[in-house]
Amino acid sequence: MDKNTIIGFLLIGVVLFAFSWLNKPTPEQIEAQRRYNDSIARIEYAQQQELQKQENKTAEAEEALDTLPDSVRVARLEKSFGVFAEAMVGTDGYTVLENEVVELRFSNKGGRVCYARLKEYDNYESQPLILFDEKDSKFNFTLVTATNRVVNTGDLYFSPVKGNDPNTVTMRLNAGEGSYLDFTYTLKPDDYMLSYSIKGTGLNGILAPATNSLDLVWEQDIRQQEKGRKFEDRYVGLFYKFVADNVENLSESKSDSKQIPNRLRWIGYKDMFFSTVLISDAGLEATTLDSKAFPSGNILKQFKTTTSVPFDLQGQESTDFRFYFGPNKFALLKSYDQGVEEVDQQLDLEKLVPLGWGIFRWVNQYFVIPLFDFLGSFIHSYGLIIFLLTVIVKIILFPLTYKSYMSSAKLRVLRPQVEEINAKYPGQDKAVERQKATMELYSRAGASPMSGCLPMLLQMPVLIALFMFFPSAIELRHQSFLWAHDLSTYDAIFSWNAHIPLISTYFGNHISLFCLLMTITNIIYTKYNMEMTNTGQQQMPGMKIMMYMMPLMFLFIFNNYASGLTYYYFISTLITIVQTLAFRYMINEDKLLAKLEANKKKPVKKSGFMKRLEEAQKAQQAQLEKQKQQKKR
């Protein structure tokens, strides 16, 4: 690093320090911010206290009712809840529906799904994978009676009614003689989808006459299921699909909320590898979505939906839903649209899998995933599958890699002539002449600095698509390879508990071996590539240092990423190094130089790019000459 570069870095540091100092808040601003934060904290505390008081009052009221004589208790309940008075008293209990892949429990209180366990999976602590239980979730409908009493189904007791079908259970809310509200659930064998319908009988005169819809409140806490909390949190989000339109989502990086007037087809509470999705056949209207992020603890985010669903008070038609409790597996989610020919009727649940947008998603959907699934159909080691996938991708990209190497080889063999041009036109004042002469040399020889950029650019969609694919591939979850116990998370070879400022926050309290190997191979490749691509032209000061800084930055960026991804980058970089060495051995640079010298004798046919470049250089030269003449005057 020369003196000018050191001075440049020092000046940048001084500017950053001065900027930070000048923008530092004054003591008055700090005090104002403190008062503001304190006031917000007091308001939140007061709200929590008020909510706690209401809950205590409800509990006390229930306890007080238990001490009263039966006749008095019934009278008070009827006064407060009308026809639903009897449903306010019941027995806590659960009804279970299960198949080969999922176990669901339905609570008597609220008649809702209060527990969902996926049988084929476990969490990072090797415990059963529970999406939610009774404490983590709420699912309440608001009922308005004909006498203007408002009750919530979450406060009422349902009675399970089992029929002849072992796959179906009906939770019934009694509302008097011959009047009831049924929640019917059906779980088919070996399926993650639960059918759910709501239908009333004899409720005309029980509920308000104007009732044509029910308000729904659905809440769920998203538990930590994977080892790397920070990495998993990036993939937790609230997703929703408009009727006959696209899938969108709230912010995954911070707390967010949104009011949606348009009808929604489904709402999904998505974790990194698992989701709970509520699908409405009739659509969800006047929806408010909330997402609250938690910076620590075993709860990553809390999602809440407030919406409205159509309801037939006459009981002639049911309100139909579906619940999906299952993995974010692309092929499985895509299968729920099989046989649905109309595009606007498709669920598009596979968009819960983050495969990138535009061309990157297309590459994953139509190339990477089919190839990955094909290899997985007869190979059981996912480490070997990633290796073969990397080799196949490298073979497909081989022509582009070769063309890029040939471009740099042409510039490299012309390096002595470029250095002669540099010696002929030394100094900054002759930079334009030096650049013009260099470009003329490249043009006559048939070489171009830009010809190596296009092959690299064409490779980017595949590289970015794979960057999106590996962290979202549930197939890698809990799959071991070599020292990595789980290819879907980091492979720590060294960990510590002490909190180190900045290091623990951005790097983590561990060192991932595949990430470290990836960094080392990138440094080796950077060094070798800089030597191979040295064309003799002057570089910006500090550029060499910056080239070495990039792999070190990757070490910090990817240390918390899935080991399957860093393993792929490690293998990919190794193959690239081997390819480069093979090219260097196979290509005779003396013959290449002779060919370029022969090109100089041929008539030069300039490309449109070269013509525009020369015109720009001439304009720049004319501008410099004009400035020199003005200075002389």
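In this predicted model, helix H6 (residues 359-376) and helix H7 (residues 382-396) have axes that come within 10 Å and cross at roughly 135 degrees. An angle from 65 to 115 degrees would count as roughly perpendicular and one over 145 as roughly antiparallel, so H6 is oblique to H7. The crossing of H6 past H7 is right-handed. On the H6 side, the contact is formed by Phe367, Val368, Leu371, Phe372, Leu375 and Gly376. These residues meet Tyr382, Ile385, Leu388, Leu389, Ile392, Val393 and Ile396 of H7. Sorted by class, the contact of H6 with H7 holds 12 nonpolar residues, 1 polar residue and no charged residues.

The crossing of H8 and H15 is right-handed. H8 contributes Phe398, Thr401, Tyr402, Tyr405 and Arg412 to the contact, and H15 contributes Gln579, Thr580, Phe583 and Arg584. By class, 4 residues in the contact of H8 with H15 are nonpolar, 3 are polar and 2 are charged.

An open sheet of 4 strands is arranged in the order E1-E2-E3-E4, and its pairing is antiparallel. Strand E1 (94-98) and strand E4 (128-132) are the edge strands, each pairing on one side only. On average, neighbouring strands of this sheet are turned by 20 degrees against each other, with direction ignored. Within the sheet, E1 pairs with strand E2 (residues 102-107) in the antiparallel sense over 5 bridges. Leu97 stands opposite Leu104 in E2.

Strand E17 (residues 299-310) is joined to strand E11 (residues 213-223) by 11 bridges, and the two run antiparallel. The bridge partner of Arg223 in E17 is Ile299. E17 is also joined to strand E16 (residues 274-293), by 7 bridges and again in the antiparallel sense. Here Ala293 has Lys301 of E17 as its bridge partner. The hairpin of E16 and E17 has 5 residues between the strands, and Gly297 in this hairpin takes a positive phi near 95 degrees.

| Strand pair | Sense | Bridges |
|---|---|---|
| E1 and E2 | antiparallel | 5 bridges |
| E11 and E17 | antiparallel | 11 bridges |
| E16 and E17 | antiparallel | 7 bridges |

In general, the strands of a sheet pair through backbone hydrogen bonds, either parallel or antiparallel.

Aromatic rings give a further set of contacts. With ring centres within 6.5 Å taken as the limit for a pair, the count comes to 42 aromatic pairs. One of them is formed by Tyr185 and Tyr196, whose ring centres are 4.7 Å apart and whose planes are at 5 degrees, so the pair is stacked. This pair links distant parts of the chain: Tyr185 is in strand E9 (residues 180-187) and Tyr196 is in strand E10 (residues 193-201), 11 residues apart.

Terms used: Residues are numbered from 1 along each chain as its sequence is written. This is a predicted model: local features need pLDDT of at least 70, side-chain atom pairs count only at pLDDT 80 or more; totals for chains, interfaces and linings use all residues. Side-chain values use heavy atoms; hydrogens and water are left out. A crossing is left-handed if the near helix is turned anticlockwise from the far one by less than a right angle, and right-handed if clockwise. Contact means heavy atoms within 4.5 Å. Ala, Val, Leu, Ile, Met, Phe, Trp, Tyr, Cys and Pro count as nonpolar, Asp, Glu, Lys and Arg as charged, and the others, Gly among them, as polar. Two strands pair if DSSP finds at least two bridges between them. Axes are lines fitted to C-alpha atoms, for helices over the stretch in contact, and angles run from 0 to 180 degrees between N-to-C directions. Rings of Phe, Tyr and Trp (its six-membered ring) pair if their centres lie within 6.5 Å; planes under 30 degrees apart count as stacked, over 60 as edge-to-face and the rest as tilted. Angles under 35 degrees count as roughly parallel, over 145 as roughly antiparallel, 65 to 115 as roughly perpendicular and the rest as oblique.
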